Amino acid sequence: MDLGLRGKNVLITGATQGIGRRTANLFAEEGANVAICSRSPESVNKAVKEMKVIADGKITGAPCNIKNKEEYEAWIEAMAEELGGIDVFIPNVSAGGGADSEKNWWKSFEIDVLGTVRGVEAVIPHMEKRGGGAVTMISTTAAVETFMVPQAYNAMKAALITYAKQLSQAHGEQGVRVNSVSPGPIYFDGGAWDMIKISNEKFYERTEKTHALGRLGTPEEVASCIVFLSSAAASWVTGVNLVVDGGYTKRVQF
Amino acid sequence: MKVRRQQKIKRTAKRQGAAGTPVKPAPKPNFSTEMIPKDRYTSRDYMQREWEHMWTKVWLLGCREDDIPEPGDHIVTEIGPDSILLIRQKDRSVRAFYNVCQHRGNQLVHAVHEPQEAEESLRCHYHNWQYRLDGRFFDIPDLETFPQGAPPCGGLIGLPCDTWGSFVWFSLDPDVEPLLDYLGIIPEHLDPYHLDRMVLKEWKTVEWDCNWKASVDAFNESYHVQGIHPQLLYYLDDLDIQIDCYERHSRYLIAFGVLSPRVVSPSEIPPPIKVVMRDAGMDPASYEGSVYDAREAIQKFKRKNGPKQGRDYSALNDDQLTDDYHYMIFPNITMNVHADDLMLFRQRPHPEDPNKMFFDYWMFELPDNEFDDEEYKRPKWRQYKHGETSLGLVINQDAYNLPFVQKGMNSAGYSGLWLGDQELRIRHFHKTLEDYVSGDTAKPRTKAGS
């Protein structure tokens with residue numbers, strides 16, 4: 001099956017590590033032109049350099065703090081210009097979890113929610129110009145089932161699922177598909193579950209057993225779903241929330 | 001994944017003023033790397049020699065000064081087979097005595113580790129012999145029925161006793177050197193913490209099924225963090241540690257609020273470092289820096305906000321605001337000294353069995369502005385068996401493991417301790433111990449490593 005991503009222009013925010021990085025790698029391997037960002041210029045340069053090795057298309061990136069609206073919009077415009085338009089947008093940056101103070105709510109709102117909203121509003125005109133495109137948001141199973149503690153991360157990620165659905169209705173006519181992916185617990189070195197595995201092995205093992213498939217997911221397994229939903233292979237899929245969790249959550253999704 | 005990141009802990013190069021804790025590394029001792037024979041941990045014969053040549057020759061921590069604040073207040077502490085009575089005097093000094101009535105040998109005070117009050121005298125409950133606070137006989141009922149008169153000793157048998165660092169110390173050796181000579185560098189190093197300002201939060205004893213030295217060893221090296229305490233790899237650097245061995249005592253300085261080089265940096269601030277931030281009064285959610293700058297940020301925050309919180313850090317250097325300055329006072333005190341708290345462990349030998357010990361756990365905290373003197377209730381001491389009480393996750397992890405160490409040491413398939421450089425303090429400890437137990441002189445005068 002050809003994903004039809006060769007020559008497509010993909011923007012991913014915060015793609016220097018974790019799931020975002022694996023997603024960027026996969027787009028690059030599929031022949032897409034990929035633009036990434038991160039707050040630190042060193043990590044952007046390093047990731048771009050590493051991705052170029054596996055890429056057929058153009059790989060670029062620039063430092064950007066997506067909390068800053070002007071800086072963020074300028075990054076999108078600069079990347080669009082450099083690649084010659086935008087076909088796919090993956091708003092990936094997240095403030096992460098934490099229940100320390102009210103500040104966690106502001107940060108999650110600013111980074112996870114506004115970081116998605118502002119990005120979407122800036123990329124949609126570019127997609128319209130090209131007759132369509134795909135936005136794939138990153139939510140979490142913590143949005144659809146009770147998880148850990150009541151915290152901003154879970155609730156703000158839930159907001160993205162609703163937002164994606166509504167966007168899919170509003171922009172279908174312009175050929176823009178909007179979906180979300182909700183990963184369950186994902187293991188990678190330096191990830192939150194790496195820390196849990198080292199700090200609390202028993203809890204990690206219990207969590208593994210909770211999965212129908214008996215283990216934690218890999219970032220590559222999430223990346224492939226993001227890339228699929230963002231590709232022409234999913235041309236008839238819009239407004240869905242794809243739960244990618246190896247059977248970690250137990251609800252029935254009608 | 002096995003990780004070993006390159007990491008160098010930034011350390012303060014200068015002490016905090018002339019009265020600050022010295023920070024310069026001590027000269028590296030050159031101990032032999034030979035095996036430490038296991039019988040020091042398992043044999044009754046060694047235990048006996050240890051008692052005769054070491055326990056009865058050193059200074060020992062008896063109680064906290066505020067256990068017995070007023071004249072007449074007294075407390076009993078136990079060491080090995082003996083029981084020691086510490087009494088606050090009218091002149092506010094403290095005296096130590098063997099806790100035994102000179103009549104028929106009844107223990108004068110039966111309650112252990114329980115502060116008691118007295119007016120003028122202490123009374124033996126067997127035949128009502130009474131002793132003054134300074135130990136002299138006060139009243140012997142029916143003295144006329146003792147044709148030989150009162151015992152010539154004149155009262156309780158006294159022992160050397162002194163105070164330092166908010167603690168009362170005693171020695172079973174009547175000819176022991178002065179306490180401050182024995183403590184050596186310790187007062188200069190720890191006085192800046194003003195331990196007397198800290199209040200007791202927890203105080204208990206747990207009987208553990210291991211030799212007392214197995215417990216001391218567990219607190220004298222950080223090599224076991226990656227084995228027993230993996231969660232601490234997101235809290236401290238277990239590899240870049242400054243180890244300093246002095247005459248009898250030793251210390252190591254461990255940076256807290258950092259990642260171990262053995263783990264990959266997570267994208268979020270690890271929960272244990274968030275706890276350090278919260279304890280300092282910082283909001284972890286508002287911290288925008290990287291995990292690598294967290295320790296310094298916490299130090300700066302505490303330096304700036306400490307006085308407002310009612311905490312005086314003026315005599316402490318920046319590292320001391322986050323790090324663990326861990327001291328070992330020979331033979332049996334291991335202490336995690338922090339700006340805001342002191343975790344003090346006293347390891348006592350069992351009276352008869354080298355395979356058992358008593359682990360005394362004291363937790364002290366520096367009060368802040370919110371501390372309410374009137375609300376504060378001093379915790380009462382209690383003794384437990386292993387497994388009956390929690391000492392917090394980290395100590396529980398050690399406590400769980402130690403009985404297995406002791407059983408293993410008793411195995412015919414084990415000969416002794418094979419120590420690496422990360423365990424230098426254990427070597428130093430054994431050298432000091434051997435200077436007492438096998439040395440010609442009861443009081444070692446050799447410098448570490450010479």
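Me: Are α4(A) and α5(A) roughly parallel or roughly antiparallel to each other?
Reply: In this predicted model, helix α4 (residues 102-129) of chain A packs with helix α5 (residues 152-171) of chain A at an angle of about 20°, the axes being 9 Å apart. Angles under 35 degrees count as roughly parallel. The two helices α4(A) and α5(A) are therefore roughly parallel.

Me: Which residues of α5(A) make the contact with α4(A), and what is the class composition of that contact?
Reply: From α4(A), the contributors include A:Trp105, A:Phe109, A:Val113 and A:Ile124. On the α5(A) side they are A:Ala152, A:Tyr153, A:Met156, A:Lys157, A:Ala159, A:Leu160, A:Tyr163, A:Leu167 and A:His171. By class, the contact of α4(A) with α5(A) comprises two charged, four polar and 12 nonpolar residues.

Me: Which strands are the edge strands of the seven-stranded open sheet of chain A?
Reply: The order of this open sheet is β3-β2-β1-β4-β5-β6-β7 (chain A), and the pairing is parallel. An edge strand pairs on one side only, and this applies to β3 (59-63) and β7 (241-244) of chain A.

Me: What is the bridge partner of A:Ala35 in β3(A)?
Reply: Strand β2 (residues 33-38) of chain A runs parallel to β3(A), and five bridges join them. Within β3(A), the residue bridged to A:Ala35 is A:Thr60.

Me: What angle does the direction of α4(A) make with that of β5(A)?
Reply: Helix α4(A) packs on the sheet and touches β1 (9-12), β4 (88-90), β5 (133-138) and β6 (176-183) of chain A. Its direction, compared with that of β5(A), gives an angle of about 170°.

Me: Which element gives the most to the side of chain A that touches chain B?
Reply: The contact involves 19 residues of chain A and 17 residues of chain B. On the chain A side, the elements giving two or more residues are α4 and α6 (192-199) of chain A. By class, that side has 11 polar, five charged and three nonpolar residues. With five residues, the element that gives the most is α6(A).

Me: Which element provides the largest share of the side of domain 1 of chain B that touches domain 2 of chain B?
Reply: Chain B is divided into domain 1 (36-58 + 178-437) and domain 2 (67-164), whose C-alpha centres lie 34 Å apart. In the contact, 11 residues of domain 1 of chain B meet seven residues of domain 2 of chain B. Elements giving two or more residues to the domain 1 side are α2 (44-55), α3 (179-183) and β17 (341-349) of chain B. The largest share, three residues, comes from α3(B).

Technical notes. Residues numbered from 1 in each chain as written. Chains lettered and ligands numbered in written order. Predicted model: local features only at pLDDT ≥ 70, side-chain atom pairs only at ≥ 80, totals over all residues. Axes fitted to C-alpha atoms, helices over the stretch in contact; angles between N-to-C directions. Helix = DSSP H or I, 4+ residues; strand = E, 2+ residues; numbered from the N terminus. Parallel < 35°, antiparallel > 145°, perpendicular 65-115°, else oblique. Contact = placed C-beta atoms within 7 Å. Nonpolar A, V, L, I, M, F, W, Y, C, P; charged D, E, K, R; others polar. Domains from an automatic or database assignment. Pairing = 2+ DSSP bridges.
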